[in-house]
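Dear colleague,

I am handing over the structure below, and after it you will find what came out of looking through it.

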Amino acid sequence: MSSPITEPSQTALVIDDEPQIRRLLRVTLEANGYAVVDATNGKEGIVQAAQCRPDVILLDLGLPDLTGVKVLKRIREWSQVPVVILSVRDREQDKIAALDAGADDYVTKPFASGELLARLRTARRRSQPATIAVFRAADLEIDLSARLVRKHGVEVKLTPTEYALLRQLVVHAGKVITHRQLLTEIWGPGAVEQTHYLRVHIAHLREKLEDSAAPAGLILTEPGVGYRLVGGTD
Amino acid sequence: MEPDRPNPDSLLAAIQNEVARKKRGRLKVFLGMCPGVGKTFAMLEAAQREIKNGSDLVIGYVETHGRKETDALTAGLPLIARKNLVHRDLALTEMDLDAVLARHPQLALVDELAHTNTPGSRHPKRWQDVNELLDAGIDVFTTLNVQHIESRADTVRQVTGAEIRETVPDSMLDDAELELIDLPPAELVERLQQGKIYLPERTASATQNFFRAANLTALRELSLRLVADHVGAETQAHHRRQNQAVAWKTGHRLMVAVSGSPFSESLIRWTRRMADSLRCPWLAVHIENAHGLEDATQSRLEKNLALARSMGAEVIGTTDENLARGLLRVARQNNVSQLIIGKPAVNNPLAWLWGGRLLRQLARDSGNIDLQVVRAEKSDLVPRTPGWRWRPSTSWKQYGAAAGVLAAMGLLNVLLAQFTGPRVPGFIFLLAVVLLALFLGRGPVLFAGVASALVWNYFFLPPRFTFIINNTEDGILFGLYFVVASVLGQLVARIRTQEQAERQREERATALYQLTREFAAAGTRDEVVWQLIAEVDRVFHAHTAVVLPGENSLAAHPDGSLVLSEKELHVAEWGFLNRQAAGKFTDNLPGAEALHLPLMTERAVVGMLSVKLSDKVLPLVRRDLLETYARQATLVLDRVALRAAGEQNKLIAESERLSNALLNSISHELRTPLAAITSAASALAEVKNADGEFNHAMIAEIQEASARLNRLVGNLLDVTRLDSGHVRPKLDWCDVSDLVQTTIRSLGRELAGREIKVEVAKAMPLARLDFTLMQQVLANLLLNAALHTPAGTRIQLQAWPEKEHLFFAVADNGPGLSPELLPHLFGKFFRAPDAPAGGSGLGLAIVKGFVEAHGGQISAANRPAGGAIFSIRIPQTELPPTEALP
């Protein structure tokens, strides 16, 4: 609410069966320059998504008629609109299922409004055509077009696998990528059980990219779900 | 490292102990060529070395024969008291097997492997005791003379002329380490004469008999060769592990034909030696025919087959009227390359003729199977049976019956002959012989044929009352009669025996069919047991019980028709624990009244089938059938158990689904309003131009309260999940240092202003953990430490791997835990009386639950240097994948 109405007006669709949450989200979002449409159940949500063509969707998992994941899958049949899950369920199975079904992010209730808004921004940004060529975080620079990684201006040598992994994280910067997605993308569908590949390579990447002095938190571990690259300023 | 970490040495010892229990013990044999070479001495010397190295060893049984030097060596070795037994008024002592098993040392010394136990012991032979020790995972040192090795016993007997009564099967030595105690014969004789081996009164006779120089040289050569062969076998086994193809390239497979003949024994030994030198598997086959055997022969056959089994043969029994055909059929089915049979005896023309026929038939039909005809060595141990054997008493009755019927026919013929010529009586006699063949065995029928021919000739053919035949026609007639009577009689008798065999086979098939059908209908364990008991009772005319594991001991099923005495129950229990048949007709506790067969699946023994048979000996066919019954019953019992387990699993899954739905709904109801509060408060906090300090302070209070409430809800839900038993860790490979860092980062606000000192071992492998659960464990411990120590106190978090475990420790330098609270620390809703506000009393209970869900343990203690320490130990059975990463 610090810098409202600087962005062009955008539409957010809130699909949640709790009136209180809907009211609260409406106030928060409208104060930050969103036009808000809401739906009280899954079917209505799908219809609204088709009719209003929202720029972002906030979806609850526990809906009275359809499960949130089902609603998400239906929407994904014809639209790539960013979807952020907003749910009280904090078990990793639920998160993985939603993320694998195509959700862009997952926020557990209770949430702080600032964090929610930041997540929405990231999700929206990612939905725009990928123009990220150079990712910068502090004194780290990842140049995808030149396949170059520099720390303090010095080139960091990465193995092909490490680079492929880093590239996936950069392309989806800010978003959680599940283990399954990373493994499928880099090692193929046959490797979805081989999580130890990820553990070892991520550890190597962290060693090479983060400064060991402080837990820099460039590559964040989402417990039981996947990884997220944070801190980009592109 | 902290002083209060578990002592790695004691931990390692405990782990090794556990591993050792599962493994079979190793056998080391001190082998000598004859008594007196110093085997026991060498064994005790080795034991002294072991005990100096800290080995846990005991003397199970050592016999020093009063030799002083040997006696001296037993000093300092712990001794298990021998068991006293009385047999025929003689007080005897034996190794106390149960005491040694109960003591369970690493290593036991058991002298004289070939010793025969006093009747009434658990096993007839000491090597069987040793086997049980090895099975229990106890290493054994033992001594043995070469002449007592089963496959060498014959050779030793030939060389020395001494009778060898006690033998040890070669299979005992297969995995053993052999140490040859060698002594030049001259030195041995010297030692003997110095009275170091036997007491003086026996020395003289010993020198003259066994200890002749020629004997000793031969025995020495025999033992040297045995050890050399053994080493050769070990090398080959090594090659085999390296490259499967090398060792088995010979492709040999031997088969020896076994009968109840006393010669079979040496034939079996011969085959084992041959299989040894060819390094190939071998079979022992017995072909049963419908004639049945005398009791003595039958029991000798059983003994021979048991001998073959103990020497490592696969034993097969089958039925066939034609011996050669049966042998070749089994040989072909088992890809046998060489068939070994005994040379027919020469001193008995009939047997020779018959044996010759078998040989000819085998030679003609054996095709690509090689035939080895081996000289039947005379076995002095077995009393020679007379060359011509009469059938036992039942046969005498048959001969009597034959004679009686012939006499009656003779009288009839005398009456008839007045009206007819001399030929009619011949036909009537012929009729009688054929009829007799329907009821009697071969011998009596042959006898009837011969006798009737002679009677016809003497009484009826002219000139009557002489054996003279004076016309050609009668001569031819008499000759023809003789041939027709014998052939017809034999044919009918054979048809009858074949029919009997058929009937036996059919009975067996029907019995099995019946059993399968009954089992198919049985749905519960009790029904299966009841059917099994009923069928065994019916088919074997026996009394039967089924013994099943109960709450904490074995108990007989109440449906049994056999009431098991305390003693029999112990026998069954022994079989159950050792996965072996026990009791009568076996080598394990043969003094028992009943035969106890294990009901055994591949995974475990589910019970014992105890059968009290009235048979004196148990023929192979009957034993086979009984074992088949046991196998069938096991399969069905297993199926019933699996089905029950499946249903149980379905129930559990359903209850888990319901409980998850319930928890989700509760979580939804409680957290939705919380979400509204948190979100609204955070939105308010971000409004920059809100009026003043007061509002900000109030908003901060709301935020903190709702965060605390949210934690409480989370904890309550976790405790509920733990209580309903639905916490199952999803184990995955985790980077422990990532786990620790992620945990600390997630607690950023709560641990603000605290110094957390993290020590993760450098060489930390990936660990098998549930990341989320372990994150919560560490988070709760850190929060707990932060809550109960003054602000600014340093908190340490350590993680390190050790053998098959992963350790975590969270320690602080705070006031520590008061000792009386220690036992209650991990209880639900337990809060220390002086605890500051903010805790729910659930954190540590959840920690304990999650750690235990990982199969781990947690403990709390005070550090000697002050402060509390919580230590977690989580087993890591799986090794991290080490293959090169793609």
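In strand β5 of chain A, V107(A) is the bridge partner of L86(A), where strands are DSSP runs of E of at least two residues, helices runs of H or I of at least four, both numbered from the N terminus, and two strands pair if DSSP finds at least two bridges between them. The chain crosses from β4(A) through helix α4 (residues 92-100) of chain A to β5(A) in a right-handed β-α-β crossover, that is, one whose path from the first strand over the helix to the second runs clockwise with the strands pointing away from the viewer.

Please note that this is a predicted model, in which local features need pLDDT of at least 70, side-chain atom pairs count only at pLDDT 80 or more, and totals for chains, interfaces and linings use all residues. Residues are numbered from 1 along each chain as its sequence is written, while chains are lettered from A and ligands numbered from 1 in the order in which they are written.

β4(A) and β5 (residues 105-108) run parallel and are joined by four bridges, and β4(A) also pairs in the parallel sense with β3 (residues 56-59) of chain A, over three bridges.

Best regards
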